[in-house]
Amino acid sequence: MWGKADSAYRFNNQQHPSLISNLKNAYQVKRAREFWYAKNMQIFKAGDNHWLSMDSFLGRFQTLRGVCRANTDMVEQTIGGFTVHIHPLGNDSLRYTVFDIKSRWSFFWHLPFVGNREFKPGKHRQKLMANSKWYFVWTEPIDRSLFHRRELNTRLYNAKKYTGVGF
């Protein structure tokens, strides 16, 4: 709240295991995971291991639904909407990067008693709320059973593309 100009924070599984564990189970991360498995389904069926990357899957918080889904998980409630990037690391693991920007207009930081002013490069001492970038990074093994789960989800939840069920 005292302000830093354009800060970037990085969280990983070694330094913040419980935070990352909660984020792995967030609804929109599950949907992104399911999307990645759907995107690579044909590669899996062909028996190939040259997996495709996925960039900028938008995980929307969806206000009331988001609050209900997040329940008491403060990690999911705090970051709200974010983007998920999934990149293969070799043949058997994936690197997940969840990226979120908390801007000075964010509901989470838009508090009346905070000096919420724009950053001005020429000004020496500033009290401000600037953009804060959050990166959450972890790796997971590629779970081949999730390809079968994706096919099952396609049959069971045909009207909804990516449900996150079982992911």
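The side chains of R33 and E140 meet in a salt bridge, with 2.8 Å from N to O, where a salt bridge is a side-chain nitrogen of Lys or Arg within 4 Å of a carboxyl oxygen of Asp or Glu. Because R33 lies in helix α2 and E140 in strand β5, the pair ties together parts that are 107 residues apart in sequence. Both R33 and E140 are buried, a word that stands for under 20% relative accessible area, while exposed stands for over 50% and partly exposed for values in between (1.4 Å probe, protein chains only).

This is a predicted model, in which local features need pLDDT of at least 70 and side-chain atom pairs count only at pLDDT 80 or more, although totals for chains, interfaces and linings use all residues. Residues are numbered from 1 along each chain as its sequence is written, and side-chain values use heavy atoms, with hydrogens and water left out.

## The other salt bridges

A search of the whole structure finds three salt bridges. Another of them joins the side chains of R150 and E34, again at 2.8 Å from N to O; R150 belongs to helix α6 and E34 to helix α2, so that distant parts of the chain, 116 residues apart, are linked. R150 and E34 are both buried.

The side chains of E151 and K45 also meet in a salt bridge (2.8 Å, N to O), and this pair links helix α6, which holds E151, to helix α3, which holds K45, across 106 residues. E151 is partly exposed, because its relative accessible area is 26%.

## A buried arginine without a partner

R31 has its place in helix α2. R31 is buried yet has no salt bridge, and the nearest side chain of opposite charge, that of E34, is 6.4 Å away; for charge, Lys and Arg count as positive and Asp and Glu as negative, while His and the chain ends are not counted. Not counting residues up to four places away in sequence, R31 touches F57, Y162, T163 and G164, and contact here means heavy atoms within 4.5 Å.

## Chain layout and the nonpolar core

The chain has six helices and five strands, which are DSSP runs numbered from the N terminus (H or I, at least four residues, for helices; E, at least two, for strands). From the N terminus on, the order of elements is β-α-α-α-β-α-α-β-β-β-α. Buried residues make up 38% of the 167 residues, and among contacts between residues at least 6 apart in sequence, 64% join residues at least 24 apart.

The largest nonpolar core has 26 residues, and those with the most contacts inside it are V29, W36, Y37, V84, V98, F136 and W138; such a core is a set of buried Ala, Val, Leu, Ile, Met, Phe, Trp, Tyr and Cys residues joined through side-chain atoms within 4.5 Å. Among the elements that give two or more residues to this core are α2 (27–39), β3 (82–89), β4 (93–102) and β5 (132–141), and the largest share, four residues, comes from α2. Leaving aside neighbours within four places in sequence, V29 is in contact with L23, K24, F82, V84, V98 and W138.

## A nonpolar patch on the surface

L152, L156 and Y157 form a nonpolar patch on the surface, with about 270 Å² of accessible area together. Y157 lies in the segment after α6 and is partly exposed, with a relative accessible area of 32%. Patches are made of residues with over 30% relative accessible area and no salt bridge, in which like charges are joined within 9 Å and nonpolar side chains (Val, Leu, Ile, Met, Phe, Trp, Tyr) within 5 Å.

Terms used. Areas by Shrake-Rupley, 256 points an atom, 1.4 Å probe, with all protein chains shown as cover.
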